[in-house]
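Subject: Structure handover

Hello,

Here is the structure for you to take over. My notes follow below it.

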Amino acid sequence: MSLIMLKDITLPQEFVTPAPQSAEQLQHDQSLFAAAKEAIKKHNALLIAHYYTAPLIQKLAEETGGFIGDSLEMARVGKDSPLQTIVVAGVRFMGETAKILSPEKTILMPDMASECSLDLCCQAADVKRVKAEHPNATVVAYANTSAEVKSLSDWIVTSSLAVELADYLKGRGEEILWLPDRHLGSYIANNAHTDVYCWPGRCVVHDSFDAAAIKKMKEENPGAKLLVHPESPAEVVALADCVGSTSQLLAFTKNDSASTYIVATERGIFYKMQQANPQKTFIEAGIAARQGVSLDGAKCPWMSLNSMAKIIECLESTGEQRAAHEVQVPAAVREGALKPLDRMLAFAAALKSGSVPSDL
């Protein structure tokens with residue numbers, strides 16, 4: 001296999017991240033829990049929350065008949081739900097994906113400023129240029145991209161499907177142009193044993209996991225197993241007992257016999273891991289400082305923008321204030337992005353059934 005890192009890509013020199021919530025803000029959010037439940041019920045809305053949101057957000061989804069999952073599962077549930085108002089607690093590309101798949105539904109987000117560093121690393125103008133430079137390559141975009149970038153892609157994929165799709169495309173003799181995560185691109189190339197033209201973007205959380213710190217943690221916790229998301233650096237992935245998507249790591253903890261885990265993914269997943277395994281211990285993997293970003297541990301700063309107050313506001317507001325929470329995707333962009341998203345869902349379903357057709 002060969003990993004060909006793309007050059008002359010526009011990347012942020014610094015990520016401007018929101019400040020962590022204060023203790024007072026967190027306490028205020030707790031006091032609004034009942035009101036948020038009532039607002040969801042009043043508006044007959046479905047709350048879809050990502051595993052990386054705060055435990056209180058995930059609890060709200062549970063107690064209102066909502067859903068908690070990774071981005072692939074969120075996409076499925078939003079599309080299949082009979083409810084016409086969907087609140088997406090996550091980051092912006094997740095809301096856009098829900099709107100692309102369900103244009104007739106009202107898709108609301110607590111805070112439209114909830115970015116994703118991978119999305120910020122991948123601008124549509126660069127994608128258009130690189131596509132022109134590699135006209136024979138199949139463009140495979142991670143779900144963590146904007147609607148416009150999705151519309152320029154041949155396939156969309158999540159981390160739970162990435163290696164399988166690369167292997168499928170290799171079998172069809174197709175070149176792969178992967179964007180935007182450099183670490184997941186490397187993981188795909190290594191595990192599908194195929195050549196990949198790779199975008200040099202990064203997730204600020206997963207890129208910060210540090211192999212030296214994790215080695216020390218493993219020494220201090222003999223018998224602990226290391227769970228790693230493939231957006232992490234290769235030297236961290238090499239130490240792992242299990243590498244997988246958020247949902248795959250969660251499933252591993254349910255079926256594995258170890259009692260202690262060091263977890264190299266965003267700390268929001270601890271809520272569901274601990275809930276599923278109350279007798280087990282979960283330890284946040286160590287991180288190191290990276291240029292251009294400041295983190296409060298293994299926590300996505302933009303996920304923290306989701307709050308009880310903002311969930312209430314997005315449902316109860318009207319006029320311009322409501323419009324600030326409602327996801328809109330231009331028709332032409334939506335039409336372009338829908339085909340690769342539908343392909344992803346069809347590929348996922350075919351994988352699950354054990355039979356992938358050659359003509360997806």
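A word on element names before the details. Helices are DSSP runs of H or I with at least four residues, and they are numbered from the N terminus. The model is a predicted one.

Helix 10 and what follows

Helix 10 spans residues 182-192 and is mostly covered. Eight of its 11 residues are buried. Among them are His 183, Leu 184, Gly 185 and Ser 186. Tyr 187, Ile 188, Ala 189 and Ala 192 are buried too. His 193 follows helix 10. The phi of His 193 is positive, near 55°.

Strand 2 covers residues 45-50. Six of its six residues are buried. In a regular strand, side chains alternate between the two faces of the sheet. In strand 2, Ala 45, Leu 47 and Ala 49 point one way. Leu 46, Ile 48 and His 50 point the other way. Both sets are buried.

Which strands pair with strand 2? Strand 4 is one partner: the two run parallel and are joined by five bridges. Within that pairing, Ile 48 stands opposite Val 88 of strand 4. Strand 3, residues 67-69, is another partner, also in the parallel sense, over three bridges. There, His 50 has Gly 69 as its bridge partner.

Buried residues in helix 3 are Leu 56, Ile 57, Gln 58, Leu 60 and Ala 61. Gly 65 comes after helix 3, and its phi is positive, near 75°.

Ser 81

Ser 81 sits in the loop between helix 4 (71-80) and strand 4 (85-89). Is Ser 81 buried or exposed? Its relative accessibility is 11%. Buried means under 20%, so Ser 81 counts as buried. A polar atom of the Ser 81 side chain lies 3.1 Å from the backbone nitrogen of Leu 83. Leaving out residues up to four places away in sequence, Ser 81 touches Leu 46, Ile 86 and Lys 105. Leu 46 is one of the buried residues of strand 2.

Largest pocket

The largest pocket holds about 280 Å³ of space. It is lined by 13 residues. Closest to its centre are Leu 72, Arg 76, Leu 161, Ala 348 and Lys 352. Helix 4, helix 13 (246-255) and helix 17 (331-353) each give two or more residues to the lining. Which element gives the most? Helix 17 does, with five residues.

Cavities

How many cavities of 30 Å³ or more does the structure hold? The count is three. The largest cavity holds about 300 Å³ of space. Its lining takes in 28 residues. Nearest its centre are His 50, Tyr 52, Met 94, Asn 144 and Glu 231. Helix 5 (92-101) and helix 6 (117-120) are the elements that give two or more residues to this lining.

His 50 is buried in strand 2, pairs with Gly 69 of strand 3, and lies among the residues nearest the centre of the largest cavity.

Over to you.

Best wishes

Methods:
Residues numbered from 1 in each chain as written. Predicted model: local features only at pLDDT ≥ 70, side-chain atom pairs only at ≥ 80, totals over all residues. Heavy atoms only, no water. Buried < 20%, exposed > 50% of the residue type's maximum accessible area, 1.4 Å probe, protein only. Polar contact = N/O pair within 3.5 Å; in protein donor to acceptor, adjacent residues only side chain to side chain. Contact = heavy atoms within 4.5 Å. Pairing = 2+ DSSP bridges. 1 Å grid on protein atoms, 1.4 Å probe; cavity = no way out; pocket = protein on both sides within 12 Å on 5 of 7 lines; lining within 4 Å. Points joined across faces, edges and corners; volume = space filled by probe spheres on them.
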